[in-house]
Amino acid sequence: MPPRNGNGNGKNGTGGPVYPNHRRRRRQRRRRDKIVARRFAIFVTLAVICGSIAAVVAAAFTSANGVLNNCDLASLKPVSIGQNSFVYAADGSLLGAIPAERNRQPVTLAGMSKWVREATVAVEDRRFYEHGGLDYEGIVRAAVKNLESGHVVQGGSTITQQLVRNLYIGNERSLERKIKEACLARKVEKGHTKDWILTSYLNQVYFGNHAYGVEAAAQTYFSKPATDLDLVEAALIAGMPQAPSQYDPFQRPNEAVRRRNEVLGAMLSAHYINRAQYDEAVASPLELTRGHIYTRIREPFFFSYVREELIAKYGANTVRGGGLKVYTTIVPRFQKLAARAIKQTLSYPNDPAAAIVSIDPKNGAIRAMTAVIPGKKKIQFNLAAQGRRQAGSSFKTFVLTDAIRQGINPDTTMYLSAPFRWQPDPTCSESVDPNCVWNVETYDNSYIGGATIHQATLRSDNTVYARLTLDVGPENVVRTARKMGIKTKLQPVASIGLGSNSVSVLEMASAYATLAAEGVYHEPMAIRKVVLPNGTVDRGAGWGISKRRRVLQDGVAYEVTKILQDNVRAGTGTGAYYGDPSTAGKTGTTTTSRRPGNEAFGTALPAAWSTRRDL
């Protein structure tokens with residue numbers, strides 16, 4: 001009896017009977033149709049994927065051919081990110097840094113704490129010492145680690161790849177760049193040791209807050225060299241390159257500590273530290289010491305002078321990014337003594353600005369250059385080298401020098417000490433033009449009648465020196481002053497001997513040093529030597545070489561010096577005498593302010609020297 005259908009009537013959909021083999025064949029047919037449809041869908045999908053892969057492979061092959069043909073380290077110039085230049089005093093102490101566009105101070109691997117090396121390898125490239133530049137296992141491990149953490153804690157690129165990116169190709173995102181990066185990474189590994197690669201990376205990578213390289217980072221965050229970083233400090237720094245702003249310990253301390261602890265965890269997993277070290281480190285507080293080594297400058301006036309000297313020799317770009325080590329002639333102890341001398345003399349709040357320059361007459365080395373500007377703590381203007389003031393009576397020394405050079409005997413040649421009136425053009429009316437008549441008087445309106453040049457120098461007699469200047473010739477005075485060290489353009493006017501021209505303190509010190517050197521001029525020298533980034537001393541620049549020439553006969557210098565020694569002992573310069581008979585000098589002023597024990601005080605340029613070596 002035929003079975004019943006679903007309606008219980010034993011009929012199929014057409015009213016005929018339904019047999020078991022019919023149902024079986026129908027189920028089999030439906031299964032076959034589903035399998036065919038599934039296989040077709042798979043085939044279509046695979047065809048699309050294969051087509052896409054083929055297109056990508058073709059594009060990659062085309063790009064790779066072009067990239068690999070140019071994957072040559074020798075043909076690539078490394079990207080220059082510069083490094084700071086540093087300026088040192090004569091005793092080796094740091095005067096300051098000339099910052100590069102990117103704050104960087106490279107150090108050797110031995111100049112880095114072992115903790116920062118191990119922390120960097122643990123968190124950035126755990127298999128660094130095992131792979132050949134590309135770490136496929138590391139890429140997979142980093143992906144898993146990042147998924148587990150819910151954020152990026154490890155990168156897939158090796159340290160070598162990151163170094164290649166920093167040095168040669170930048171951070172552009174493209175298939176061609178990735179292929180080139182991989183190729184160059186392999187070649188870097190073949191051409192260099194692992195220590196070289198790690199050292200280069202740690203000196204290049206950015207650690208935030210304008211710090212490039214581990215040394216700049218250590219100084220910026222902990223005010224110490226990289227070699228002194230402890231485990232906790234090294235872990236903090238090693239975790240920053242991945243996201244310097246996000247992990248900035250100054251601005252985001254909690255994120256910085258969390259990242260530090262992740263680095264410590266990576267070090268524990270890599271067996272660089274044990275569980276006890278890990279537990280102690282993760283419990284440590286964030287202890288920062290903001291560094292100022294790259295921003296604090298000692299002796300700013302001298303420092304600015306040295307910087308300008310370097311720029312004149314190397315150019316601004318080289319100085320700001322050249323990684324120079326500059327060793328200068330300045331003596332910190334003399335700097336302190338000079339600043340103290342100014343402050344002890346100018347003790348009133350309304351006192352004018354003042355500057356002191358000390359030069360070694362044997363070689364022109366600048367031993368002190370300092371200035372005090374009341375009411376202004378930070379100023380870029382170098383009063384000692386750039387400031388120009390009327391020299392006053394201290395310029396009489398050049399008139400005296402030229403007179404002796406011409407053969408005039410200062411001990412026997414007499415001049416009239418009396419008010420002097422000079423009118424070179426008799427047709428000029430003083431009522432119409434007051435400048436056509438030159439009236440000269442002494443400072444205190446005292447006169448002695450007949451006086452030798454020697455006597456007039458000790459009195460700083462303006463009337464005698466006005467007459468003497470006209471006799472020797474203003475042009476000759478200009479010529480002598482320039483030979484002795486005055487670089488400012490001088491006007492050969494009749495009043496030049498009374499200091500009407502404006503000059504700098506540095507120039508006056510240099511010119512007077514010529515007398516102390518018995519007539520030999522030495523160009524002022526601020527830099528003893530410059531060490532280039534590769535460690536060699538720049539011999540070709542002429543640093544530390546005394547540029548000298550004889551400009552006066554030694555007999556002329558001797559006679560002038562003898563008179564200026566008398567001036568310090570018994571003339572207007574007694575305020576500079578401290579018992580050493582070799583001290584010589586000449587004071588000068590262009591104001592009416594006076595102080596006890598001095599000829600006059602104001603915008604003055606006094607100059608003196610001594611053979612004593614302890615001054």
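Trainee: How much of the protein counts as buried?
Mentor: Of its 615 residues, 47% count as buried. Buried means under 20% relative accessible area, exposed means over 50%, and partly exposed is in between, using a 1.4 Å probe and protein chains only. This is a predicted model, where local features need pLDDT of at least 70, side-chain atom pairs count only at pLDDT 80 or more, and totals for chains, interfaces and linings use all residues. Residues are numbered from 1 along each chain as its sequence is written, and side-chain values use heavy atoms, with hydrogens and water left out.

Trainee: How many helices and strands are there?
Mentor: The protein has 19 helices and 18 strands. Both are DSSP runs numbered from the N terminus: helices are H or I with at least four residues, strands are E with at least two.

Trainee: Let's take α9. How many residues does it have, and what does it reach from end to end?
Mentor: Helix α9 covers residues 253–269, which is 17 residues, and reaches 24 Å from its first C-alpha to its last. That is close to the expected 24 Å at 1.5 Å a residue. The expected span is 1.5 Å times one less than the number of residues.

Trainee: Which of its residues are buried?
Mentor: Ala-256, Arg-259, Arg-260, Asn-261, Val-263, Leu-264, Ala-266, Met-267 and Leu-268.

Trainee: And what do those pack against?
Mentor: The buried residues of α9 pack against α2 (114–124), α8 (231–238) and α10 (275–282). Contact here means heavy atoms within 4.5 Å.

Trainee: At what angle do α2 and α9 pack?
Mentor: The angle is about 90°, with the axes 8 Å apart. Axes are lines fitted to C-alpha atoms, for helices over the stretch in contact, and angles run from 0 to 180 degrees between N-to-C directions. α2 and α9 are therefore roughly perpendicular to each other. The cut-offs are under 35 degrees for roughly parallel, over 145 for roughly antiparallel, 65 to 115 for roughly perpendicular, and oblique for the rest.

Trainee: Which residues meet there?
Mentor: From α2, Trp-115, Glu-118, Ala-119, Ala-122, Val-123 and Glu-124 meet Arg-259, Val-263, Ala-266 and Met-267 of α9. By class, this contact has seven nonpolar, no polar and three charged residues. Ala, Val, Leu, Ile, Met, Phe, Trp, Tyr, Cys and Pro count as nonpolar, Asp, Glu, Lys and Arg as charged, and the others, Gly among them, as polar.

Trainee: Back to α8. Why is it called largely enclosed?
Mentor: Eight of the eight residues of α8 are buried, so the rest of the structure largely encloses it. Glu-233 is one of those buried residues. The cover includes α2, α7 (214–222), α9 and α10.

Trainee: Which residues touch the most other members of the largest nonpolar core?
Mentor: Out of 62 residues, they are Phe-207, Val-214, Leu-229, Ile-237, Leu-264, Met-267 and Ile-273. The largest share of this core, seven residues, comes from α8. A nonpolar core is a set of buried Ala, Val, Leu, Ile, Met, Phe, Trp, Tyr and Cys residues joined through side-chain atoms within 4.5 Å.

Trainee: What is Leu-264 in contact with, leaving aside its neighbours within four places in sequence?
Mentor: Leu-264 is in contact with Leu-231, Ala-235, Ile-273, Tyr-278, Ala-281 and Val-282. There is also a second, separate core of 35 residues, which includes Leu-400, Val-477, Ala-481 and Tyr-512.

Trainee: New topic. What follows α9?
Mentor: His-271, with a positive phi near 65°. This residue is not a glycine. Most residues other than glycine have a negative phi. His-271 sits in the loop between α9 and α10.

Trainee: Is His-271 buried or exposed?
Mentor: Exposed, at 70% relative accessibility. Asn-445 also has a positive phi, near 60°, and is partly exposed, with a relative accessible area of 48%.

Trainee: Where is Ser-113?
Mentor: Ser-113 is in the loop between β3 (103–104) and α2. Ser-113 counts as buried, at 4% relative accessibility.
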